[in-house]
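Please read it with the coordinates open.

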Amino acid sequence: MALSRAWLSRPRGGESTRLLPQASRLVELPYSSSSSDDDSSLAGDTDLPAAEQDPAVWCPVTPKPGMFSQCVRYLAFLWNLLFLLLGLLALAVGVWGLLAKGSLGGERLAPLGSDPMLLFVLAGLGASTVSLAGCLGALRSSPCLLRFFVGAVLAFVGLEVLGGLLLLAARRRLRDALRDALLLCLLRYQEEPDLRFLVDEVQRSLRCCGLGSYRDWETNPYFNCSAPGAQACSVPASCCLDPWQNGTVANAQCAFGALRLGDAAAGTVVHLGGCVAQLSAWLRGQAGGIVAGAAVLVLVEAAGVLMALKVLGDIAPVGVQD
């Protein structure tokens with residue numbers, strides 16, 4: 001019985017030869033399938049678009065700036081920071097002047113347009129705004145802010161050049177415009193402390209009084225001989241030949257009653273000549289300095305524009321690579 005069971009359980013020769021090839025095929029199938037998958041994956045990779053194989057093709061990469069570009073960038077930032085501080089200083093001075101004189105109050109809104117402090121406010125606001133755009137544009141590498149900065153500076157340069165050309169074309173009318181400006185200062189001498197300071201400095205420096213002569217102060221409502229008060233028939237103390245008492249203390253009453261005197265007697269107390277001719281001669285003598293100052297201002301603005309353009313060129317993205 002035991003021999004018969006052993007004989008039955010022994011595989012036959014034909015079956016063993018048929019099972020071996022099947023086992024070998026079972027072992028070889030995973031290898032052949034994996035290799036085919038790898039081949040198909042490699043073939044699929046070759047079929048991918050170029051944009052998926054190289055991300056730099058569809059995502060432009062900004063090149064790393066060199067040492068010179070970095071220096072220009074930080075120099076542009078410091079350059080604009082300096083003018084930002086100057087603009088804020090001018091703005092603060094203008095606002096302080098308006099608040100100190102009460103020009104921002106409801107009852108003083110009418111003469112606000114002729115207030116000299118308004119020039120400080122407008123100049124400071126414009127300079128600080130443009131310089132802030134240049135600072136942030138250089139620091140943050142913002143093309144939008146840098147383009148705004150370049151456009152604003154070029155607009156300022158254009159206005160300055162246009163103003164210079166207009167002054168050259170209308171230089172014959174400049175004396176009349178200067179006379180009108182001084183007449184406005186003369187009429188509002190007591191009302192505007194800034195105009196008073198300006199007129200006093202001009203009269204002391206140029207040793208003059210009034211527009212054409214010292215009698216032009218009769219048009220002022222406070223110095224007119226028909227005006228009530230101690231200043232009637234007088235001129236400002238800045239017209240005096242010697243505005244100092246004992247050489248140390250300013251004498252505010254040195255010109256009281258000067259308009260009641262004749263020219264000979266008044267000439268011993270105040271300057272008789274007007275300031276229009278003196279100021280025109282002074283401006284002609286300072287023409288070279290004024291031109292040099294304007295040229296320096298244009299060069300400073302040009303330097304800022306060139307630095308901004310260099311930074312803008314460095315941060316511009318490179319085009320699509322092949």
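This is a predicted model: local features need pLDDT of at least 70, side-chain atom pairs count only at pLDDT 80 or more; totals for chains, interfaces and linings use all residues.

How do the residues of the lining of the largest cavity divide into nonpolar, polar and charged? They divide into eight nonpolar, two polar and no charged residues.

**The cavity**

**The largest pocket**

- The largest pocket has a volume of about 760 Å³, and of the 19 residues that line it, L167, L168, L174, A287 and I290 are the closest to its centre.
- At least two lining residues of this pocket come from each of α7 (143-169), α8 (174-187), α11 (275-285) and α12 (287-315), and α7 gives the most, with six residues.
- By class, the lining of the largest pocket holds 12 nonpolar, two polar and five charged residues.

**The second largest pocket**

- For the second largest pocket the volume is about 330 Å³, and 16 residues line it, with F83, A127, S131, V153 and E301 lying nearest its centre.
- Each of α5 (67-101), α6 (117-140), α7 and α12 supplies at least two residues of this lining, and the largest share, five residues, comes from α5.
- The lining of the second largest pocket divides into 10 nonpolar, four polar and two charged residues.

**Packing of α7 with α12**

- The axes of α7 and α12 come within 10 Å and cross at roughly 155°; since angles over 145 degrees count as roughly antiparallel, the two helices are therefore roughly antiparallel to each other.
- The crossing of α7 with α12 is left-handed, and the contact draws on P143, L146, R147, F149, V150, V153, L154, F156, V157 and E160 of α7, which meet L297, V298, E301, G304, V305, A308, L309, V311, L312 and I315 of α12.
- Sorted by class, the residues of the contact of α7 with α12 are 16 nonpolar, one polar and three charged.
- V153 of α7 and E301 of α12 take part in this contact, and both are also listed among the residues nearest the centre of the second largest pocket.

**Packing of α8 with α11**

- The axes of α8 and α11 also come within 10 Å, and they cross at roughly 125°, which makes α8 oblique to α11.
- This crossing is right-handed, and the contact brings R175, L178, R179 and L182 in α8 together with V276, A277, L279, S280 and L283 in α11.
- Six nonpolar, one polar and two charged residues make up the contact of α8 with α11.

Conventions:
Residues are numbered from 1 along each chain as its sequence is written. Side-chain values use heavy atoms; hydrogens and water are left out. On a 1 Å grid over the protein atoms alone, a cavity is a set of points where a 1.4 Å probe fits but cannot get out, and a pocket is an open set with protein on both sides within 12 Å along at least five of seven lines; lining residues have an atom within 4 Å of a point. Grid points are joined across faces, edges and corners, and a volume is the space filled by probe spheres set on the points. Helices (H or I, at least four residues) and strands (E, at least two) are DSSP runs, numbered from the N terminus. Ala, Val, Leu, Ile, Met, Phe, Trp, Tyr, Cys and Pro count as nonpolar, Asp, Glu, Lys and Arg as charged, and the others, Gly among them, as polar. Axes are lines fitted to C-alpha atoms, for helices over the stretch in contact, and angles run from 0 to 180 degrees between N-to-C directions. Angles under 35 degrees count as roughly parallel, over 145 as roughly antiparallel, 65 to 115 as roughly perpendicular and the rest as oblique. A crossing is left-handed if the near helix is turned anticlockwise from the far one by less than a right angle, and right-handed if clockwise. Contact means heavy atoms within 4.5 Å.
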